Amino acid sequence: WLAMKQVLWQYEGDDGWESISACHSDALQNTMTAGGDCVTVGRYSYDIQHMTQTDLDTKKGLNIRRVLFDDGFLWEYEDDNGQWEPMSGSISRLINISEASGESTAQYRQYIYDLSRNTQTNTETKKERNIRQVSVGPTGYGCTLWEFRGDRSWQPMAANASAAIQDAVRNGKESLTIGKYLFDLKAKTQTNTVTKATREIRFPDDNWGILWEIEGDAGSWQPIAATASAIIQDAVRLGEESVTLGDDVFDLTAMTRTSAAAGQQRRIRPTPAHCALFWDYMDDGGSWQPMSASASAILQGALRQGKATVTLGQLAFDLTAGTQTNTATKKQRRIRHAAPDRGVVWLYEDDDGEWEPMPGPASDEI
């Protein structure tokens, strides 16, 4: 079970506890593991002994805390027929983090989860359902479930089916049968042996390596909470153009967040530093140009899972041939890892204060 424990560092802001950025969290965790008391990252100084964070520019101090949550639990809701159905991995993680943080409720879109009463309430319809926490176990690969493509969107499979499929993948099997369903793990399909209906299946990318940020008043970028980042990245992976969290609408095309309560709009972005590997595409002049952090993360996740192709919007990526094809114009370009030898990319700060990835050869030389 220890392998499923995850660490989340948070600071206490004006609106409650918010997630500290991944690179700062890594520095805090590494310092704590090494027995250190203090660490400075950028303009922030962290005192682990007194659990405080100080902004060296403004001298403002905030409390910090370390949250240890268990990623080996999945949450389910009771449907109208009394059957328990799994929630998505990102929602389960959101609830697990809220519970570990001592919060009594969690919210995702129009749903409020009451952790003391174990209920889920739809704030629009007022419909209430029972919820429960179940152990996925070591074969469940944390909270992440295999999914099948439904009539309108990707849907999570039951935890036991996900565990069986993941076991088969680890054991090198190309197919397995669960009840009336035949799963072809090479073709990534499930076939109902009775109706002969076939659907696509997939194992979702791990979105927690990508942290999203929002531009503050002074032009500095601040991290969005890790749970919100995961939900936004989920929407990117599913090809959605926007996602709504409470009063906030995140436009993933315009890369903005609009707050209905505050009546303001701010820019958002995925944090490049949290992408393990950047990918490049070759432009018309024969030069390599870096892809966005979110696209790079999705391609890298697909590569880790052994996928040969990925589609993002109108771009189809062939990871075996090393090409991207615009399905509308049929134009094809070469693609590659930006820093294939080390898995590290260096960034430079442009004139607008934005951090941009260097081309692969420059990162390799450094």
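Select Glu-200 and Arg-149. They form a salt bridge, with the closest N and O atoms 2.9 Å apart. This is a predicted model, so treat what you see as a prediction. Colour the two strands involved. Glu-200 sits in strand β18 (residues 198–202) and Arg-149 in strand β13 (residues 147–149). The pair links distant parts of the chain, 51 residues apart. Now show the surface. Is Glu-200 buried, partly exposed or exposed? Glu-200 is partly exposed, at a relative accessible area of 40%. Arg-149 is partly exposed as well, with 37%.

Next, select Arg-269 and Glu-213. Here too is a salt bridge, and its closest N and O atoms are 3.0 Å apart. Arg-269 lies in strand β24 and Glu-213 in strand β19 (residues 212–215), so the bridge ties together parts that are 56 residues apart in sequence. Check the burial of each partner. Arg-269 has a relative accessible area of 13% and is buried, because buried means under 20%. Glu-213 is buried too, at 8%.

β19 and β24 belong to an open sheet of six strands. Step across the sheet in the order β20-β19-β24-β23-β22-β21; the pairing is antiparallel. Which strands stand at the edges? They are β20 (221–223) and β21 (242–245), and each pairs on one side only. Look along the sheet for its twist, which averages 30 degrees from one strand to the next.

Zoom in on strand β23 (residues 256–259) and strand β24 (residues 264–270). Four bridges pair them in the antiparallel sense. Pick Thr-258, then find its bridge partner in β24, Gln-265.

Move on to Lys-331 and Asp-284. Their salt bridge has its closest N and O atoms 3.4 Å apart. Look at the loops this time. Lys-331 is in the loop between β29 (323–326) and β30 (332–337). Asp-284 is in the loop between β25 (279–282) and β26. Lys-331 is partly exposed at 42% relative accessibility, whereas Asp-284 is exposed at 64%.

Now select the strands that flank those loops. β25, β26, β29 and β30 are among the members of another open sheet of six strands, ordered β26-β25-β30-β29-β28-β27 with antiparallel pairing. β26 (288–290) and β27 (309–312) stand at the edges with a single partner strand each, so one side of each has no neighbour in the sheet. Neighbouring strands are turned by 30 degrees against each other on average, direction ignored.

β27 pairs with strand β28 (residues 315–318) in the antiparallel sense, over four bridges. Select Leu-312 and look across to β28, where its bridge partner is Leu-315.

Strand β15 (residues 175–178) runs antiparallel to strand β16 (residues 181–184), and four bridges join them. Leu-176 has Phe-183 as its bridge partner in β16. Two residues lie between the strands, and Gly-179 takes a positive phi near 60 degrees.

The structure holds 12 salt bridges.

Finally, zoom out to the whole chain. Six helices and 32 strands are there to colour. Of the 366 residues, 43% count as buried. Show the accessible surface: about 19400 Å², of which 46% belongs to carbon and sulfur atoms.

Key:
Residues numbered from 1 in each chain as written. Predicted model: local features only at pLDDT ≥ 70, side-chain atom pairs only at ≥ 80, totals over all residues. Heavy atoms only, no water. Pairing = 2+ DSSP bridges. Axes fitted to C-alpha atoms, helices over the stretch in contact; angles between N-to-C directions. Buried < 20%, exposed > 50% of the residue type's maximum accessible area, 1.4 Å probe, protein only. Areas by Shrake-Rupley, 256 points an atom, 1.4 Å probe, with all protein chains shown as cover. Salt bridge = Lys/Arg side-chain N within 4 Å of Asp/Glu carboxyl O.
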